[in-house]
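Please look over the sequence and the model shown below before reading on.

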Amino acid sequence: GAVLTGEEIARRQGIPYRFLVQILRELAHAGLVESRRGPEGGFLLARPAGEVTVADVIRAVDGPLAAVQGRAPEAVRYAGAAAALDEVWIASRAALRAVLERVSLADLAGGELPDDVRRLAAEPEARTRR
């Protein structure tokens, strides 16, 4: 519920102010943040932090969580031996959603991630670059 200036947010997060302004515009357009004008103005969340997920933020800033050839996974069709790729892309999006839609901004701010997300991150293979 606190109103913070763009400058204060940028300072706290260690990111350039001009870069942050672009992100805040996209978040405002998506209805995730509101801006207030005036001497006490700034930005605040439009909904409680527990109701805004990481997936919401990514969609607002980057678009769909998973796209194939710039389209939704279910809109892409393959033929022949590659036909099963349709399901692979859809399953990949479902896996992303299973994590990103479970973690809220309140979870991040409080450092308390859902147990299943912590378990996934703790798996040894989760940190390998393959």
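## Ser104 and its surroundings

Leaving aside neighbours within four places in sequence, Ser104 is in contact (heavy atoms within 4.5 Å) with Ala49, Gly50, Val52 and Thr53. The model is a predicted one, in which local features need pLDDT of at least 70 and side-chain atom pairs count only at pLDDT 80 or more, while totals for chains, interfaces and linings use all residues. Residues are numbered from 1 along each chain as its sequence is written, and side-chain values use heavy atoms, with hydrogens and water left out.

Ser104 sits in the loop between H4 and helix H5 (105–110), where helices (H or I, at least four residues) and strands (E, at least two) are DSSP runs numbered from the N terminus. With a relative accessible area of 5%, Ser104 is buried; here buried means under 20% relative accessible area, exposed means over 50%, and partly exposed is in between, with a 1.4 Å probe and protein chains only.

Thr53 belongs to the loop between strand S2 (42–45) and H3, and it counts as buried at 13% relative accessibility. Not counting residues up to four places away in sequence, Thr53 touches Leu100, Glu101, Val103 and Ser104.

Which residues of helix H1 (residues 6–13) are buried? They are Gly6, Ile9 and Ala10. Seen down the axis of H1, these buried residues fall within an arc of 100°, so they line one face of the helix; the arc is that of the directions from the helix axis to the C-beta atoms. The cover over the buried residues of H1 includes helix H2 (17–29) and S2, whereas Arg11 and Arg12, on the other side of H1, are exposed. After H1 comes Gly14, which has a positive phi near 65°.

A positive phi is also found at Gln69, where it is about 55° although this residue is not a glycine. Gln69 lies in the loop between helix H3 (54–62) and H4, and with a relative accessible area of 61% it is exposed.

## Charged pairs

Side chains of opposite charge can pair when their charged atoms come close. A salt bridge is taken as a side-chain nitrogen of Lys or Arg within 4 Å of a carboxyl oxygen of Asp or Glu, and by this rule the count comes to 9 salt bridges.

| Pair | N to O distance |
|---|---|
| Glu34 and Arg36 | 3.6 Å |
| Asp86 and Arg77 | 3.7 Å |
| Arg97 and Glu101 | 3.2 Å |

Salt bridges that share partners also join Glu8, Arg11 and Arg12 into one network.

In the second pair, Asp86 counts as buried at 12%, whereas Arg77 is exposed with a relative accessible area of 59%. Arg97, at 37% relative accessibility, counts as partly exposed, and Glu101 is partly exposed at 32%.

## A nonpolar patch

Leu85, Val88 and Trp89 make a nonpolar surface patch of about 230 Å². Patches are made of residues with over 30% relative accessible area and no salt bridge, like charges being joined within 9 Å and nonpolar side chains (Val, Leu, Ile, Met, Phe, Trp, Tyr) within 5 Å. Val88 is placed in helix H4 (residues 85–100), and with a relative accessible area of 42% it is partly exposed.

## The chain as a whole

Along its principal axes the C-alpha trace spans about 65 × 30 × 25 Å. The radius of gyration of the protein chain is 18 Å, whereas a compact globule of 130 residues would have one near 14 Å; the radius is taken over C-alpha atoms, and the globule rule is 2.2 Å times the number of residues to the power 0.38.

Of the 130 residues of the protein chain, 25% count as buried. Among contacts in the protein chain with a separation of 6 or more, 45% are accounted for by residues 24 or more positions apart.

Conventions:
Accessible areas come from the Shrake-Rupley method with a 1.4 Å probe; for residues, only the protein chains shown count as cover.
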